[in-house]
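Subject: Structure handover

Hello,

I am passing this structure on to you. Please open it before you read my notes.

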Amino acid sequence: MIGVLQAGMLDSPYSLTEVRVLFEISHAGELETGGLRVLLDVDAGYLSRILGRFEADGLVTRRRSPQDARKQLVRLSALGGATFAQLDRQSAAETERLLAALPGDDQDRLLAGMAAIRRLLGDPALEGRKPYLIRAPRTGDLGWVVQRHAALYAAEYGWGMDFEKTVAGICAAFDPGHDAGWIAEIDGERAGCVFCVRRDEETAQLRMLLVEPSARGLGLGRRLVEECLAHAAGRGHKRIMLWTRDTLVSARRIYLAAGFELESEEPGVENGRPVTEQIWSRSL
């Protein structure tokens, strides 16, 4: 389906291995041939024949290493760079063609499945962390936002049904025509959210930032806030603000790192417990 068994990759005269050699050299800028062989795990003689063909076609240049004359350094020529760029564009177009037939929900599931395969097979790039997907809200997500806010804040801070009603009211007022939201997923399961709502022409408001306990420590909260800030700036807002409480220490760290500053605070009560209500803001 993706064409790797064809004699020539992407309608080119080059095999999958040869295109992979071009890929690695292009992304490294310049590579020592021994390091390239280890990277690709190919026979030294086979790699030498590939590089010989590329040199004959004018795609690569080779030179002796100034540190060790026994070693050769290889880089793409101008023609080689243009050839790889064209292959890269064709690869992207082919991927787009494959995905275009899938609805958005199925595309999300495909990406989550591919990430799960990489992690289960021990991709070192994913070691110690879980890959996540950030997408726009879909039907059913707002109900999840209300339920998870209510459950998590009740368990962690003792907040009750009044807080749940507050979150439900915010979700009920969500207007996709003016507002935006993002849902984070890990392995196809919701793991976090944030929303950006319009207060007026000048000001946007960040609302309902949440990261599931199992997903904390991945930088997910920071990424969600970045999405919100980029959206607000892109919509022409000059300022963004948020409402929070002083007990939400982890969230406050994220806001501080994103450039928010405390604007005002006042005492409040939630489910019979004293809280300190805070307004934070920053310019865009």
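Below is what was found in it, topic by topic.

Ground rules come before the findings. This is a predicted model, where local features need pLDDT of at least 70, side-chain atom pairs count only at pLDDT 80 or more, and totals for chains, interfaces and linings use all residues. Residues are numbered from 1 along each chain as its sequence is written, and side-chain values use heavy atoms, with hydrogens and water left out.

Confidence

pLDDT is the predictor's confidence in each residue, from 0 to 100. The protein chain has a mean of 89. In that chain, 95% of residues reach 70 or more. Helices (H or I, at least four residues) and strands (E, at least two) are DSSP runs, numbered from the N terminus. Confidence is highest in strand E7 (residues 203-211), at a mean of 97. Helix H5 (residues 104-120) is the lowest, at 76. Where pLDDT is low, the predicted coordinates should not be read in detail.

Strands

Two strands pair if DSSP finds at least two bridges between them. Strand E3 (residues 72-76) pairs with strand E1 (residues 31-32) through 2 bridges, and the two run antiparallel. Glu32 has Leu73 of E3 as its bridge partner. E3 is also joined to strand E2 (residues 60-64), by 5 bridges, again antiparallel. There, Arg64 is partnered by Gln72.

Aromatic rings

Rings of Phe, Tyr and Trp (its six-membered ring) pair if their centres lie within 6.5 Å; planes under 30 degrees apart count as stacked, over 60 as edge-to-face and the rest as tilted. The structure holds 9 such pairs. One of them is Tyr153 with Tyr157, stacked at 5.8 Å centre to centre and 25 degrees between the planes. Both residues lie in helix H6 (residues 141-157). They are 4 residues apart, about one turn of the helix.

Tyr153 has 13%, so it counts as buried. Tyr157 has 26%, so it is partly exposed.

Tyr255 and Phe260 make an edge-to-face pair, because their planes stand at 65 degrees, with the centres 5.9 Å apart. Tyr255 is buried at 5% relative accessibility. Phe260 is buried too, at 2%.

Tyr153, Tyr157, Trp159 and Phe163 form one aromatic cluster. The charged end of Arg245 sits over the Trp159 ring, 4.6 Å from its centre. For that call, NZ of Lys or CZ of Arg must be within 6 Å of the ring centre and within 35 degrees of the ring normal.

Helix H8

H8 has 15 residues, so it should span 21 Å, and its end C-alpha atoms are 21 Å apart. Its buried residues include Leu220, Leu224, Cys228 and His231. Gly236 follows H8 and has a positive phi, near 90 degrees.

Positive phi outside glycine

Asp41 is not a glycine, yet its phi is positive, about 55 degrees. Asp41 is in the loop between helix H2 (33-40) and helix H3 (44-56). Its relative accessibility is 70%, so Asp41 counts as exposed. Met208 also has a positive phi of about 55 degrees without being a glycine. Met208 lies in strand E7. At 10% relative accessible area, Met208 is buried.

Best wishes

Key: Buried means under 20% relative accessible area, exposed over 50%, partly exposed in between (1.4 Å probe, protein chains only). The expected span of a helix is 1.5 Å times one less than its number of residues.
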